Amino acid sequence: GDISSQLHGGYSHPLSRSWQAERQLTKAMLIYPLFISDQDDEEILIPSLPDQYRRGINKLVPFLEPLVRKGLRSVILFGVPMAPGCKDALGTAADDPQGPVMAAIRLLRQRFPQLYIVADVCLCEYTSHGHCGILRDDGTLNNQLSVDRISDVAIAYAQAGAHCVAPSDMNDGRIRAIKLKLIEAGIAHNTTLMSYAAKFSGCLYGPFRDAAGSVPSFGDRKCYQLPPGGRGLARRAIQRDIGEGADIIMVKPAGQYLDIISDAKEIGQNMPIAAYQVSGEFAMLHAGAKAGVFDLKAIAFESTEGILRAGAGIVVSYFTPQFLDWLES
Ligand SMILES: NCC[C@H](CC(=O)O)[C@@H](CN)CCC(=O)O
Ligand SMILES: [Zn+2]
């Protein structure tokens, strides 16, 4: 054919093939989720989330030391309060100064000064009803009370030393409320606000909810997480959160929402875009590898390269420990 039809020459070598990728996965792009138990010496495998554990404060440093040595740059913390009776309608335990996340933030800042600490901000792990906010009598979210509470928890985590707060609640207006309180507290200049701006309701969070004990006691999250079909709604939520002061926009889940990641990069072209390959995606890839559909390392890279191709420059990934071994850089 004519000369412009010949493309093979551009990717005939491993290096020229890597040059075809707009973004290449590096260790600095990865954020590793950690489940922090309030039982200090606990280290319990999470059956539904392969190779992931719920760890108490006393098990964190020995676990993280080798990973930090191998190049781990960032973790995102999820508290898993197990103590009986610690959950209530307001999620009081979320910002208990001796609570699992507050204690872990202080410990990790002290022990690993280079490690970038992201604190997930939500109430579902701490509320008796398991929803991501404070409820009205009719079971719907009270937006004002939820936003007030979520933003207070975010400030508490930032003041405990979190470099970044990431509200995963999906209450309307929480980004603006957190930003205003960060400014009032005089810490907006050194606290990153990462918004789970486009977070969809669906079936991909099961293993996490098992791990975090955060299954809603009734109903579902369909009235505050986005409907999977809502591309325009996601674009509006992304635009809103950028306008409210988000420093980073996150899309979640990732693999089934690559168009949303692409929209986020188009709308937030001047800012970093993150994506969260959630527990259900991770467990599904493990199940596929176990069933012999594909090699685990191959699908870990291919699924993550797709997330980067769509426009993400930051990936929250349960594969992080293995990527630290698989990536030489
Ligand atoms: N705050 C909501 C937690 C939410 C799951 C849920 O909707 O229950 C995610 C954590 N931010 C789940 C993450 C995952 O499934 O890996
Ligand atoms: Zn939640």
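A charge sits over a ring if NZ of Lys or CZ of Arg is within 6 Å of the ring centre and within 35 degrees of the ring normal. Keep in mind that this is a predicted model, where local features need pLDDT of at least 70, side-chain atom pairs count only at pLDDT 80 or more, and totals for chains, interfaces and linings use all residues. Residues are numbered from 1 along each chain as its sequence is written, chains are lettered from A and ligands numbered from 1 in the order in which they are written, and side-chain values use heavy atoms, with hydrogens and water left out.

**View 1. Lysine 199 and two tyrosine rings.** The charged end of lysine 199 sits over the ring of tyrosine 205, 5.6 Å from its centre. Lysine 199 also lies over the face of tyrosine 196, at 5.1 Å from that ring's centre.

**View 2. Phenylalanine 282 meets tyrosine 318.** Rings of Phe, Tyr and Trp (its six-membered ring) pair if their centres lie within 6.5 Å; planes under 30 degrees apart count as stacked, over 60 as edge-to-face and the rest as tilted. The count by this rule is 15 aromatic pairs. Here the centres are 5.5 Å apart and the planes stand at 45 degrees, so phenylalanine 282 and tyrosine 318 make a tilted pair. The two come from distant parts of the chain, 36 residues apart: phenylalanine 282 is in helix 9 (residues 279-290), and tyrosine 318 is in the loop between strand 10 (314-316) and helix 11 (320-326). Helices (H or I, at least four residues) and strands (E, at least two) are DSSP runs, numbered from the N terminus. Both residues belong to one aromatic cluster, whose members include Tyr196, Phe301 and Trp326.

View 3. Proline 253 has its place in the loop between strand 8 (248-252) and helix 8 (258-267).

**View 4. Positive phi at aspartate 51 and methionine 170.** Most residues other than glycine have a negative phi. Yet aspartate 51, in the loop between strand 2 (43-45) and strand 3 (53-55), has phi near 65 degrees. Methionine 170 has a phi of about 70 degrees and is found in the loop between strand 6 (164-167) and helix 5 (174-184). Aspartate 51 is partly exposed, with a relative accessible area of 46%, whereas methionine 170 is buried at 5%. (Buried means under 20% relative accessible area, exposed over 50%, partly exposed in between, with a 1.4 Å probe and protein chains only.)
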